[in-house]
Amino acid sequence: MIRFKNVSKKYQIGSQKVVALQKIDLTIEQGQLTAILGPSGSGKSTALNLLGGMDRATEGAIEFEGEDISAFSDRALTDYRRNVVGFVFQFYNLIPNLTARENVGIAAQLTGNQNEAVHFLEKVGLEQRKNNFPHQLSGGEMQRVAIARALAKKPRLLLCDEPTGALDSHTGQQVMQALQEIAGAGEVAVVLVTHNEDLISGASKVIRLFDGQVQEVVSGTAAREDSARENTASKSTDRKLEEAGP
Ligand SMILES: Nc1ncnc2c1ncn2[C@@H]1O[C@H](COP(=O)(O)OP(=O)(O)OP(=O)(O)O)[C@@H](O)[C@H]1O
Ligand SMILES: [Mg+2]
């Protein structure tokens, strides 16, 4: 559904040139949860920004359903951002003096139809909290409201940059599960950027970036088995630490 072909992104700061992405190829499929992993500075946010039409590639093509968005006019790119893409940020960006339902409704301009906003809260399991304000919700719940808000725009592509970065691991797993269910429903491509290896067990595809290049792509069951193994390894380390503790 989205294909990067030989995509590079370079930044020029004074005389210094930074190559954030170097000739990368990748594909993102509808109905899948794709995780982009990599150390700090490897190009994850740069890739996400290009996917979302927030920035333009220096070279290469970015095809959305066969159309090269890097050749779009500014106006067409704005329409793409508005109509195709939903964003979820690390720190939720909810409006504090609006309820969960209002936060969801206002983004999608659903003001005429309150029930529709509740429908999107249902998708993330929060219909019971529709009248709560953000400060009355946990971090994971606030993030699920933010996901419902993004979904209310009916995006084809849901982009999440470190959506669990501010959450503990249990709450992070709940947010991941919500994202998995959204992808599983088949209409949206969900792309998640993270540092956290523990969170990728539900991904259909894992793309590892290193130094602006694609180091590895693992798809399908292998992605799950791989990370299951890593999860088991990290859990047994936790257990050892617990046993060693007071
Ligand atoms: N606007 C910019 N101007 C100059 N260099 C930039 C800019 N944005 C990113 N870079 C550089 O591009 C490289 C990739 O940055 P990017 O933000 O994509 O990394 P990241 O993988 O998201 O890292 P993190 O995990 O820390 O968020 C880094 O070397 C960064 O310094
Ligand atoms: Mg980043």
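Biologist: Where does pLDDT stay under 50?

Modeller: Over residues 231-246, where the model has 3 contacts beyond four places in sequence. pLDDT is the predictor's confidence in each residue, from 0 to 100, and two residues are in contact if their C-beta atoms, placed from the backbone, lie within 7 Å. This is a predicted model, so local features need pLDDT of at least 70 and side-chain atom pairs count only at pLDDT 80 or more, while totals for chains, interfaces and linings use all residues. Residues are numbered from 1 along each chain as its sequence is written, and chains are lettered from A and ligands numbered from 1 in the order in which they are written.

Biologist: Which elements have the lowest and highest confidence?

Modeller: Helix α7 (residues 220-244) is lowest, with a mean of 47, and strand β4 (residues 59-64) is highest, at 97. Helices (H or I, at least four residues) and strands (E, at least two) are DSSP runs, numbered from the N terminus. The protein averages 87, and 87% of the residues score at least 70.

Biologist: Switching to the ligand, how many residues surround ligand 1?

Modeller: 13, and the closest are Tyr11, Ala20, Ser40, Ser45 and Thr46. β1 (2-13), β2 (16-28) and α1 (44-51) each give two or more residues to that shell. A residue counts as near if its C-beta atom, placed from the backbone, lies within 6 Å of the molecule.

Biologist: Which one gives the most?

Modeller: α1, with 3 residues.

Biologist: What comes after α1?

Modeller: Glycine 53 follows α1, with a positive phi near 70 degrees. Glycine 52 sits in the loop between α1 and β4, and counts as buried because it has 22 C-beta neighbours inside 10 Å.

Biologist: What does glycine 52 touch?

Modeller: Leaving out residues up to four places away in sequence, Arg81, Val85, Phe87 and Leu159.

Definitions and conventions. A residue is buried if 20 or more other C-beta atoms lie within 10 Å of its own, exposed if 12 or fewer, and partly exposed in between; C-beta atoms are placed from the backbone.
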